[in-house]
Amino acid sequence: MKYDHNVVVADRVPREDIVGLYDELKAIDPNFNKESMLKSDMVKMMNMSKYWDKHAVATPYSFDLRKCNNEDCCGVIRTPMEVRDLVMQRTPTPRHDPLRVGHFKRREQLLSSANTNPNAMTDLTDLPSMKEDKNKEDTKERTNRDLLVSQAAGVRSWEFKKVKGFVVCYHCGKRRCIYSNNDKAYADALVAFQQKLESVSGRFSCGDLLFDDEHHLSKVIVQKKSLTCETIIEKGYYGNDGRLLKLKDICVHCGEIGKSVLGLKELRERSLTDGFNRFPICLQCLKCGKKLERSTRTQDVVQARKEKEQRAKNKK
């Protein structure tokens with residue numbers, strides 16, 4: 001199909017503008033450098049973290065940066081007073097309206113709720129792309145397939161001891177486990193495994209199978225098909241005890257790795273476990289109100305009581 005309009009290619013951002021941005025960020029936090037690109041880098045920049053918390057709202061779909069009313073912090077706001085309230089509004093995240101089934105809340109309702117709920121701007125649970133419809137036939141088929149494959153391949157409900165490695169989704173950056181019940185066969189298949197990844201230029205996506213179920217290597221390099229980019233990290237990833245493969249803790253929700261990830265020790269120090277073993281979570285996901293996922297069903301009553309007493313002290 002041909003189109004009559006031309007493609008417009010915008011000019012590159014001038015070098016002086018990039019340098020100017022770096023200078024502004026350096027003024028906010030002296031620890032900033034142009035190599036700072038990861039969430040884990042924010043741990044090293046406390047001033048930048050405070051500035052971010054006060055002025056910015058980030059989601060996978062948008063980034064909203066707004067000046068505050070403190071002239072010592074952000075200087076004079078030049079926007080005319082008659083339109084300032086409109087210009088300085090945040091970009092709200094869509095939420096379902098329980099009073100109007102099938103519709104989202106109106107903009108003014110969302111902005112009003114954001115004044116009392118700090119997580120309202122970053123809560124994406126009502127967006128269609130974040131919903132997993134359990135009634136869809138495709139989802140059911142994938143889930144049933146995973147159950148049958150785990151039994152046939154001998155990985156016993158995706159047991160952590162059968163995890164031999166992982167691949168990274170190029171969409172969401174999450175690590176997805178590779179399982180195998182045969183160490184020798186897995187070692188022999190590693191070359192084919194690497195060649196397969198190279199053949200797709202490393203563009204693996206959650207739920208993709210490197211080898212179709214009909215391929216003989218699918219019984220050696222075993223994967224889950226029911227995963228999506230919204231699915232949390234597989235439980236089998238975290239079972240370092242009792243296996244040779246040792247993997248670093250990553251956030252169970254977003255896959256973040258580094259100093260911003262809170263393990264069980266740090267969560268207990270913050271009195272956040274309620275006596276249960278919990279999967280690691282990063283500071284950003286914790287701040288956004290993401291759920292603290294349990295790794296066990298058994299509660300340590302002594303630890304729960306200790307945390308309850310500590311929370312009571314902190315309130316005083």
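Me: Which side chains meet in a salt bridge with Arg145, and how is such a pair defined?

Reply: A salt bridge is a side-chain nitrogen of Lys or Arg within 4 Å of a carboxyl oxygen of Asp or Glu. In this predicted model, where local features need pLDDT of at least 70, side-chain atom pairs count only at pLDDT 80 or more, and totals for chains, interfaces and linings use all residues, Arg145 meets Asp146 at 2.8 Å, N to O, and Asp213 at 2.7 Å, N to O. Residues are numbered from 1 along each chain as its sequence is written, and side-chain values use heavy atoms, with hydrogens and water left out.

Me: Where do Arg145 and Asp213 lie?

Reply: Helices (H or I, at least four residues) and strands (E, at least two) are DSSP runs numbered from the N terminus. Arg145 lies in helix 6 (residues 137–152) and Asp213 in the loop between helix 8 and strand 5, so the pair ties together parts that are 68 residues apart in sequence.

Me: Is Asp146 buried or exposed?

Reply: Buried means under 20% relative accessible area, exposed over 50%, and partly exposed in between, with a 1.4 Å probe and protein chains only. Asp146 is buried at 4% and Arg145 is buried at 13%, whereas Asp213, at 26%, counts as partly exposed.

Me: What is the nearest side chain of opposite charge to Arg243?

Reply: Lys and Arg count as positive, Asp and Glu as negative, while His and the chain ends are not counted. For Arg243, which is buried yet has no salt bridge, that side chain is Asp249, 8.5 Å away.
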